[in-house]
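Hi,

Here is the structure I said I'd pass on.

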Amino acid sequence: MGLILILSISPLWAHQQSQQTGTLRGKVTDELGGLLIGTDVTVTGADGVVKKTKTNDEGAFTVSDLKPGQYSVRIVAQNFVPYENSAVSIAAGRSTTLDLKLGVTIDEQQVTITEEPRLNTSPENNAGGIVLRDKDLERLPDNPDELTAYLQALAGPGAGPNGAQVIVDGFTGGRVPTKDSIREVRINRNPFSAEYERMGFGRIEITTRAGTDRFRGQGFFDFNDESLNARNPFAPNRPSYQDRFYGGSLSGPVIAKKSAFYFGLERRETDENAFVNATTLNAALLPVSFNQAFLTPQRYISFGPRVDYQLNPNNTFIARYGYTRSSFEGAGVGGFSLPSRAFNGS
């Protein structure tokens, strides 16, 4: 008898409970009516109680046992605009229906438009330009011929038959000055160079050092001798060989904070060797090997003073003089060329 009483009371209690709470139902689709399955549905009450569920295979959802009052409903589906409503009323004993259509989201794209840079022909802003200063200059060869060849290789082919164009302190037609007198080297491959008579391909722009406000000087000396080198295996004799390379610079003020001078000097004396490895005919017209080394001296000197005078804060007067001379003896000898083909020059 007691068991029958309990079973009779349970349906009655469930019915009373359903009369005291409400239910939220709904269906979620896209703009074309397609079902959105697995969409997150979050219902938050005024007391902070949160209930979550997902849409089923038919795009429908049900949230039951909600106390009467105002609820905040948030529905989120991937790639769709979220739905939010903070004023959904739930009444006791009633079912509230909320059918929704979610719109597709559009990915946000940000485009930044910048001002087109103006044309700048300076080497610092030229992707093909090279600027050598300070420590970069220290890595350059000390030998004047090697220095010239190195800079021409950096400049590449130039406009015209003579290769790279050398410009010293704004003047063309000069030679590469001594390394010690160079302040800056610019390899400008910009073709738009109206201030010069040739296009900018392969242009070597050299700026020499100016005088300083204090007296400064330096000197150097390089020496090489045949005793430090291995002999040539194709020559039976070993001629003398020496390479003497020395020079220096001096700078200082002429008029304090107004005028200054700079003087640089380089001298190279090389007793070079030429090796002949040929075959000649003797008196009996028989072939005879001719292997011998010959001395071919070379001399080089270069110096140049420079004076700077500041006319005003924006203008400076510069006077520069450069002197270069080279000479050689026994050129043209070597390989199959016998000493009879030697010549001298300067």
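A quick definition before anything else: when I say two residues touch or are in contact, I mean that they have heavy atoms within 4.5 Å of each other. Also, this is a predicted model, so local features need pLDDT of at least 70 and side-chain atom pairs count only at pLDDT 80 or more, while totals for chains, interfaces and linings use all residues. Numbering starts from 1 along each chain as its sequence is written, and side-chain values use heavy atoms, with hydrogens and water left out.

Overall picture

The protein has 3 helices and 19 strands; these are DSSP runs numbered from the N terminus (helices H or I, at least four residues; strands E, at least two). Of its 346 residues, 31% are buried, where buried means under 20% relative accessible area, exposed means over 50%, and partly exposed is in between (1.4 Å probe, protein chains only). The accessible surface comes to about 22400 Å², with 54% of that belonging to carbon and sulfur atoms. Areas are from the Shrake-Rupley method with a 1.4 Å probe, and for residues only the protein chains shown count as cover. Among contacts with a separation of 6 or more, 59% are between residues 24 or more positions apart.

The loop between β10 and β11

Thr 178 sits in the loop between β10 (171-172) and β11 (182-188), and Lys 179 is in that loop too. Are they buried or exposed? Thr 178 has a relative accessible area of 6%, so it is buried, and Lys 179 also counts as buried, at 16%.

Leaving out residues up to four places away in sequence, Thr 178 touches Glu 266 and Ser 302. Its C-alpha is 8.7 Å from that of Asn 143, 35 residues away along the chain.

Strands and sheets

β10 belongs to an open sheet of 5 strands in the order β8-β11-β12-β9-β10, with mixed pairing. (Two strands pair if DSSP finds at least two bridges between them.) β8 (130-133) and β10 are at the edges with a single partner strand each, so one side of each has no neighbour in the sheet. For β10, 2 bridges join it to β9 (residues 165-168), running antiparallel, and Ile 167 stands opposite Thr 172 there.

Then there is β1 (residues 22-30), which is largely enclosed by the rest of the structure because 7 of its 9 residues are buried. It pairs with β7 (residues 95-102) in the parallel sense over 8 bridges, with Leu 24 opposite Thr 96. β1 is also joined to β4 (residues 60-66) by 5 bridges, this time antiparallel, and Lys 27 stands opposite Ala 60.

A nonpolar patch

Finally, on the surface, Val 254, Ile 255, Tyr 309, Leu 311 and Phe 317 form a nonpolar patch with about 470 Å² of accessible area together. β14 (242-255) and β16 (287-312) are the elements giving two or more residues to the patch. Phe 317 is in strand β17 (residues 315-320) and is partly exposed, with a relative accessible area of 49%. Patch residues have over 30% relative accessible area and no salt bridge, with like charges joined within 9 Å and nonpolar side chains (Val, Leu, Ile, Met, Phe, Trp, Tyr) within 5 Å. A salt bridge here is a Lys or Arg side-chain nitrogen within 4 Å of a carboxyl oxygen of Asp or Glu.

Cheers
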